[in-house]
Amino acid sequence: MATARILCAFAQARVGLECAMARTLQRPSQPVESLSGPSAEFPDDLEAAIRDLLRERNAVLLAHYYQESEVQDLADFVGDSLALAQAAQSVDHDVIAFCGVHFMAETAKILNPERTVVVPDLAAGCSLADGCPPEEFRKFKQEHPDAAVLSYINTTAEIKAMSDLICTSSNAPKMAAEFEGQPLIFAPDRHLARWVAQRADRPDMIVWQGSCIVHEQFSAKRLVQLKVVHPDAEVLAHPECDEAVLEEADFVASTTGIIKRAVESEAQTLIIATEDGVFHQIQQQAPGKTILQAPGMDESCACNQCPFMRLNTLEKLFLCLRDLTPQVEIEEDLRLAALRPVERMLELSA
Ligand code: SF4
């Protein structure tokens, strides 16, 4: 793992410098007092204390690939949205500690309501979920009364409850194929929608115009410049990226798909256009490969990290396991309405 090289791509390309910002493990920027009052104290060995609490609480720790490597290393299960939903459905622990963003933990609660679901930080949102408010989406849906609704898992329970089927980036074209011959609304990511429309031959999809603030900021122009410097590199991109970025990619897939391809590819240098939390898994599974961040539009930094995902820290994880708060709760009628399209996706993905 230590031999894997993760470079801040554009800085490296221009001036040969390793990016000082890449992969630094960050302790919380807030003072400890702001996390749990002035008396909050943390054990010296925080990782060991978290493991002890997981055992004492009979808790399972689920973490998304976009979490810091220190969180991923503690987790019982690390995956993308689909794999995490599948894992959440089957666990029988008393507590699910979910290190991801809110819609993911909420999906775990929808699927497994008997468990206590805790998150390190309730403010860990998502620009896609937050950019699709239920009341506005209800009106959008009413404008297309004959259309079925296929929603990305990056949505609130309210949007899921208004949907016929849920998808993730791992299975979206397959889920779209379920609606052959029917008018179809796709929400909320317009870039994923465009990629799905091409793959599933559904150019007629009615698309909610949301986007991910992380994936949308990769720069196609600067990516081309980077490819010139590294002609042997393979470019892997997530379908939430802009069309111009995807056109420069050799391979487009979900986070799980990107990791798998990065490990299996014969290319020794990889340029990756997704959140850089995935680098940790690639490092572990393919030590020795050089991983370059796809450059962002902001030339002052090529580091693409989800600010919501990174709200989760070891300190907050320790506190949420110690105090069993904050918990994710969902009203039962809403849960049941949201469960139906999520379960349908899981059945179709089995
Ligand atoms: S990376 Fe984008 S889609 Fe994923 S949680 Fe962050 S804002 Fe949402």
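Just after helix α16, leucine 324 takes a positive phi of about 50 degrees. Helices (H or I, at least four residues) and strands (E, at least two) are DSSP runs, numbered from the N terminus. This is a predicted model, in which local features need pLDDT of at least 70 and side-chain atom pairs count only at pLDDT 80 or more, while totals for chains, interfaces and linings use all residues. Residues are numbered from 1 along each chain as its sequence is written.

Helix α16 spans residues 314-323, and seven of its ten residues are buried, so it is largely enclosed by the rest of the structure. A residue is buried if 20 or more other C-beta atoms lie within 10 Å of its own, exposed if 12 or fewer, and partly exposed in between, with C-beta atoms placed from the backbone. The buried residues of α16 are Leu314, Lys316, Leu317, Phe318, Leu319, Cys320 and Leu321. Of the 350 residues of the protein, 48% count as buried.

Leu321 also belongs to the largest nonpolar core, which has 105 residues; Ala97, Phe98, Leu150, Ile272 and Leu321 touch the most other members. Such a core is a set of buried Ala, Val, Leu, Ile, Met, Phe, Trp, Tyr and Cys residues joined through C-beta atoms within 7 Å. In soluble globular proteins, nonpolar side chains tend to be buried together. Leaving aside neighbours within four places in sequence, alanine 97 is in contact with Ala59, Leu61, Val118, Leu317, Cys320 and Leu321. Two residues are in contact if their C-beta atoms, placed from the backbone, lie within 7 Å.

Helix α11 (residues 190-199) has Arg190, His191, Leu192, Ala193, Trp195 and Val196 buried. Its buried residues are covered by elements including β6, α10 (172-176), β8, β9, α13 (243-247) and β11 (251-252). Aspartate 201 follows α11 and has a positive phi, near 55 degrees.

Methionine 205 lies in the loop between α11 and β9. This residue is partly exposed, with 19 other C-beta atoms within 10 Å. Apart from neighbours within four places in sequence, methionine 205 is in contact with Leu184, Phe186, Ala193 and Ala197. The C-alpha atoms of methionine 205 and proline 183 are separated by 7.0 Å, although the two residues are 22 residues apart along the chain.

The protein contains 17 helices and 13 strands. Four strands form an open sheet in the order β7-β6-β8-β9, with parallel pairing. β7 (165-167) and β9 (206-207) stand at the edges, each with a single partner strand, so one side of each is left without a neighbour in the sheet. Two strands pair if DSSP finds at least two bridges between them. Two parallel pairs are listed below.

| Strand pair | Residues | Bridges |
|---|---|---|
| β6 and β8 | 148-152 and 184-187 | four bridges |
| β12 and β13 | 269-273 and 290-293 | four bridges |

In β8, isoleucine 185 is the bridge partner of valine 149. In β13, threonine 290 is the bridge partner of threonine 269. From β12 the chain crosses through helix α15 (residues 278-285) to β13, and this β-α-β crossover is right-handed: with the strands pointing away from the viewer, the path from the first strand over the helix to the second runs clockwise.

A ligand is surrounded by 13 residues, and the closest are Cys126, Ser127, Cys212, Val214 and Cys306. A residue is near a molecule if its C-beta atom, placed from the backbone, lies within 6 Å of it.
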